[in-house]
Amino acid sequence: MPVPKLDKDELLRSEHQLGMVLDLNKCIGCQTCTVACKTLWTGDAGQEATYWMNVETRPGAGYPRGLAAPNGGWTPDGQRGVRGRLPTAEDYGTTYRFNDEDALFAPGQARFAPDVEPRWGVNWDEDKGAGVYPNTFLFYLPRLCNHCTHPACVAACPRNALYKRDQDGIVLLDQERCHGYRFCVEACPYKKIYWNHVAKVSQKCIFCYPRVDEGIATACSTQCVGQVRFVGLVDDPKSPLFALIHTWKVALPLLPGHGTQPNVYYVPPTAPEAVDADGRPTGKRRIPLSYLQQLFGDGVGPALDTLETELGKVRRGETSDLMQLLTVQRYLDLFTLPRAPNNDAWFGAFAGPGGAPHHVPAERTPSETEP
Amino acid sequence: MPERRWSRGPSRRTVLKGMVLGTGSLVLGRFRWLPAARAQDSLQPSWNPADYSYTAWEDLYRRQWVFDAAGRSTHSVNCTGSCSWKVLVKNGMVWRDEQAADYPAIGPALPDYNPRGCQKGACASDYQYGRQRVKYPLKRVGERGEGRWQRLTWDQALSEIADRTLDIVERYGPQYLHAFTPIPAMSPVSYASGSRLMNLLGGVSFTFYDWYCDLPPGEPITWGVQTDSAESADWTNSRFIIAWGSNVNATRIPDAQMLQKARLRGGARVVVIGTEYNPTSVHADQFVPVRPGSDLAVALAMDQVVLSEDLYDAAYVKEQTDLPLLVREDDGRFLRAVDLDPGVANADGDDGGGFYLWDRRRGLTAVPKDGLDLGDLDPVLDARHEVQTAAGTVGVTTVFTLLQRELADKTPEWAQQQSGLAADTIRELAREFATTRPAMIIHGNGVNQWYHNDLANRAMILLVALTGNVGKPGGGFNHYVGQEKIWPVAGWKALSYPGPQRFQNTTLWTYWHSEMQDVDPLWPELKPYLETAVEKGWMPLWPNGLEGEPKALFTWRANWLNQAKGNGRVLAKLIPKLDLIVALDFRMSSTDLYADYVLPAATWAEKFDLSSTDLTSFLIPFTPVVAPFAEAKTDWQAFRALAATIELRAKARGFTAYDDVIDGTTVHRDLGTLHDQFTEGGKLRLDKDAAQFILDGSEETKGYLFDDLVERPRRFKAASEHWTSDLEEGKAYAPFQRYVQGKRPWPTLTGRQQFYIDAPWYRELGVMLPTFKPPLELSKHPLRLSTPHYRHTIHSSWAIDLTLQRLQWGEPFVFLNPDDARDRAVEDHDWVRVFNDNGATRVRARVHPAVTPGQALLFQGWEMVQFEGRHNFQAPISIHINPTQLVRYGHLQFKPNYWGPTGANRDTRVDVEKA
């Protein structure tokens, strides 16, 4: 199958584009977003290695392993797609199961253990980072499909099974049309399309469109306990995302060199200064700028300078519009969906008779034993 | 890039064959030609992303995002989260959990708490129908731990348990019935269930806060309170926050966003003092590395800087602390009124009639007792005088002067030798803390789990007091380890303990009944203190002081054995002494494996209960979103049923009445009406009634109906006299304002924040003041073992959960610095043994540059069943009781979870070798 060749002018924008800004200064690597997505969408057989949403420790190998290698996306002139690598099973790691019944309910004192020796996994190098103590450095990088403006996956599919929704740019993979060729998996430089080995189709993040269409943000975002994630239109000058990306220029795309124009942006992480062997701060950056530039491009230096300047203002007791914006006073301010936000209908409201939280009637719970 | 738009169509339009949608596009307001070449009628690669025709398949995911009902609950695990959760139900079964994110803002000036809830809560439903679920009553038929079970009906199980319980009561007495259940705050109705039954029988209720080593002894010592900390919204009022031994980003996950708000929005500088570069360091302004166990030295040096450079708040110190109080130079005791006049009132009390200070004008002056307001008194801080006592002239000096002498050599240079941290950095931190207001320490178990935790707490509290930060919003010493703050305390107490109650400090009980003195190198020094404390009744030791052996253990909503320090010895020595072990649990835990009966409990989504925490001022309810699965009963119903069964069996056996004497009070017990007593004549039959009882009986919640909580999270109405500040509308709760703003005497012997403890033992041990003692050196093994709290478990909850295990390694592991690993030829993922003379545990090695050289970092919480031979993370750890925590003195008296020996465990040296 020849690699796709496309006229750059033919790359079209959707009417609007939903996106995210993730503030890496607040992500604590708790994996709540990972679990939110997993329990909602990818708990089926065949999806054991599927993590539409995952959080990686960086520096780290990423998930699947091998993300660092040049891999998919577009050629620098944007004219041709790059075929990219298909990750191996080892890159995704071992999917094991446990022996609960044997270890917990059967005689024999079996050790509660995985059935296959684990060798790699979605979060294998958690908290490891790089460097030498006490100047090790690390941060947490939540990753999901970027719902790119120029998605290489869409171009790569010979069955046209991938498309962008015109109203909001969400990239979807038609589960009925897909024949499981996995050219999309090769083409995606972020490796955010996963192969379901039972259903024999490729699958990807759907930006929770059933929720979004009801005015509720993605599960990964609403469930993010660190208040890391802004969700809204990246093309709307009134949205906080637009301000962070275009006005303040502190929100940057991940691996922009692949040319897909991702719509998930990151505010790069600051970190405590490096220290000497006796713990004295040295004034030097802990995270090498070159490492961050590899991830986020040349905009990261100026972005960090802006963050540090604005943080300095707040430290001195002055107001910083940027810091006010980044650290919302009200949690719901993080979500500015185009459809009239249905926050009241979702947050704190419950579906039950009369709209009240549902529970079993109190009188049903007593035991049968009475003297 | 030219902007082009393609026509927007409805999601289910038909395939286009080069036609223009005239009418459709008028409706949509957009008009475009659709070139024939773009039609989707072939498999030729084409590019038409905005014009996809076959969108009907999208219903696939829409159909997955469907549920029948949503109910309210939270999780009872001792995480301090107390988060508002929504449980989604499909086809009558729990489907998944999402944070409800419905906390109202406390006030316009404060950020809201939403969403609150972590990755563990997000898969709490794994426990509902998971393979660990206990579905029906089980009776052990093999050896303990063997795993041979017989299924019983509830009637059978309860009858047998009732008979065996009555056997013990009849033969030995009710004080041989022991009950361990921790943390009422996380589910007070469930806590009360078995506690109430035990209370009515005369059994013993065990402590947890001290046993878990969550209790910071320095708080009762200095302040006369168990612990009182600010809710996390108060962090945003601070300008300088030191997270000291506290890994907020891993252990206070719902509150991590408040720390960043304080930092990025409020301008607070956040400093992390700790050993490894941990998840909280990642987002701090400064990482301050110190050697394991050297926090006390650093804190003392910071105190020294504040004192010697005159950076302390003199007015605050004079009014609020015992620093101006006079101490006799001959015997190191406070000067007391009885010294001057043996006939004074209350001469026999610990305060000997009262204390003295030296006023600038009046000289020797009695410390006012009715309040802290000094009026026109101006105590001299640095004083030395002679006074006439009834027995002759005595030199006296102030606590302040003694403190200066004590700290004179605790310079930053000295602390550098202890900690490896540069003296000038210590000095700078001290100066910054003293000159930035308000400033706070968030204190955690990185400090508190060491043997000399009392000294470390006291040294840090001294820093916060010297700088005038205690009792100020945004300032203070905030300790959050353990969810001990049961806001509706009076109602909970009345529900759990309707009559007089026997209590037991669990550290002492476990130590003694596991015969740890035979393997404790510190026993010779500890012996006189322990024996005195027990013989004098300062510390209860059930069932019969130093002589008796326990007979029955009831445990529920706990994994006591797994979490017991030295559990190898507990298994070998203590467990065999018990005739009866009954566990109530919804998941088969390591403790349950060694029980005689395991009864199936309801999960968090299957019962009514309440939840409160130090970290917020909101009350969150549990509700039964679904009925208990299989044969599970709620804790309240299970123990009510047991009460009914005991009554039945007691009558059948003709043994219903016995007298019981507790603390001098005779209680006439009548098992013939036990069930009626349990339900208070039927008023407490249902869980919801019990919850309402708590609400009605507590000033914090009086006026709330349970259904009010179900409607939305509610803020507490008030803070009762049990707490240390009023709860004000629009403001975050910050403790100790009743003393600092309100000028009430502190609940201590001196009525002040008390840094000088003149108890005889403290004078013997040289710890009247915060002073330096190095960590214990019990062996020569080269690595220090640390067992901190992992982000992916709450102790043992979720330790063997598949969803979260897949985000880890599937097996327990120990972190080693690359240098230490290399020295031992250990590589990433190798099996290693972590060992010392207490025991060994086999785990995987994780070679991490972020770990301090010289430290083996092994998370606590993994289940015994995950380890070879069931030797878990406790294997190298033993119990060491610090005699300072056995004392009875003034305000330091045994009250459960307020005062008693803590289960410190960090003074453990190990080595690691390939296995």
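Me: Does Y172(B) count as buried, partly exposed or exposed?
Reply: The model is predicted, so local features need pLDDT of at least 70 and side-chain atom pairs pLDDT 80 or more, while totals for chains, interfaces and linings use all residues. Residues are numbered from 1 along each chain as written, chains are lettered from A and ligands numbered from 1 in written order, and side-chain values use heavy atoms, without hydrogens or water. Buried means under 20% relative accessible area and exposed over 50%, with partly exposed in between (1.4 Å probe, protein chains only). Y172(B) has 27% relative accessibility, so it counts as partly exposed.

Me: What kind of aromatic pair do Y181(A) and F183(A) make?
Reply: There are 69 aromatic pairs over all chains. Rings of Phe, Tyr and Trp (its six-membered ring) pair if their centres lie within 6.5 Å, and planes under 30 degrees apart are stacked, over 60 edge-to-face, the rest tilted. Here the centres are 6.2 Å apart and the planes at 65°, so the pair is edge-to-face.

Me: What about Y172(B) and Y176(B), which kind of pair is that?
Reply: Their ring centres sit 5.2 Å apart. With 35° between the planes, the pair is tilted.
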